[in-house]
Amino acid sequence: MAKLLLAAITITFAISIMAMMMPFFALLLSSTSLGLYQNKDLNEKYRAQIVGYSAMGRPWLEVIEKKGLFEKRIIKCTDSELLNDNLDIKIRAAKDIIFKNETDSTLTLTLFYGGPNKTITFNKNTGNIIAIKKL
């Protein structure tokens, strides 16, 4: 019984340490490049990045408008916004982000997976998804 009690105390202690490390991981991932999965310059005006700043959260896609020293995030897209019948295609699995075209109010990107790719059209003013095409 004493050995079981010692094992239970040791396991409980290890689990409590892991729970207390979550804020440290969030600080580490957000302040260093460890939370950056992919960063790509789309053109001279925009860049896209896939980031995940939490040990338990899912990564998301950001499109950032470059304005010299200051940058502005215009689009943030998560996996839950892209879900459809194929649950295997997630943002974190994207191998490349390809700039398709831009109008006054929309921005179109292709997430390249090597298999079925997704072309996503965003509204630049609101950041919402207008259309998703599976290629």
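Visitor: What relative accessible area does Tyr-53 have?

Guide: Tyr-53 has a relative accessible area of 29%, so it counts as partly exposed. The cut-offs: buried is under 20% relative accessible area, exposed is over 50%, and partly exposed is in between, using a 1.4 Å probe and protein chains only. Before we go on, keep in mind that this is a predicted model, where local features need pLDDT of at least 70 and side-chain atom pairs count only at pLDDT 80 or more, while totals for chains, interfaces and linings use all residues. Residues are numbered from 1 along each chain as its sequence is written, and side-chain values use heavy atoms, with hydrogens and water left out.

Now for the rings. The structure has two aromatic pairs. Phe-24 and Phe-25 make a tilted pair, because their planes sit at 50° and their ring centres are 6.1 Å apart. Tyr-53 pairs with Trp-60: the centres are 5.6 Å apart and the planes are at 80°, so this one is edge-to-face. Here's the rule: rings of Phe, Tyr and Trp (its six-membered ring) pair if their centres lie within 6.5 Å, and planes under 30 degrees apart are stacked, over 60 edge-to-face, and the rest tilted.

Trp-60 is buried, at 15% relative accessibility. It has another neighbour too: Lys-76 lies over the face of Trp-60, 4.5 Å from the ring centre. "Over" a ring means that NZ of Lys or CZ of Arg is within 6 Å of the ring centre and within 35 degrees of the ring normal.

Next, the strands. E3 covers residues 60-67, and it runs antiparallel to E2, with six bridges joining them. Strands (E, at least two residues) and helices (H or I, at least four) are DSSP runs numbered from the N terminus, and two strands pair if DSSP finds at least two bridges between them.

On to E2 itself, residues 46-51: six of its six residues are buried, so the strand is largely enclosed by the rest of the structure. In a regular strand, side chains alternate between the two faces of the sheet. In E2 both faces are covered, with Tyr-46, Ala-48 and Ile-50 buried on one side and Arg-47, Gln-49 and Val-51 buried on the other. E2 also pairs with E1 (residues 36-41), antiparallel, over five bridges. Among those partners, Lys-40 is bridged to Ala-48 in E2, and a hairpin of four residues joins E1 to E2.
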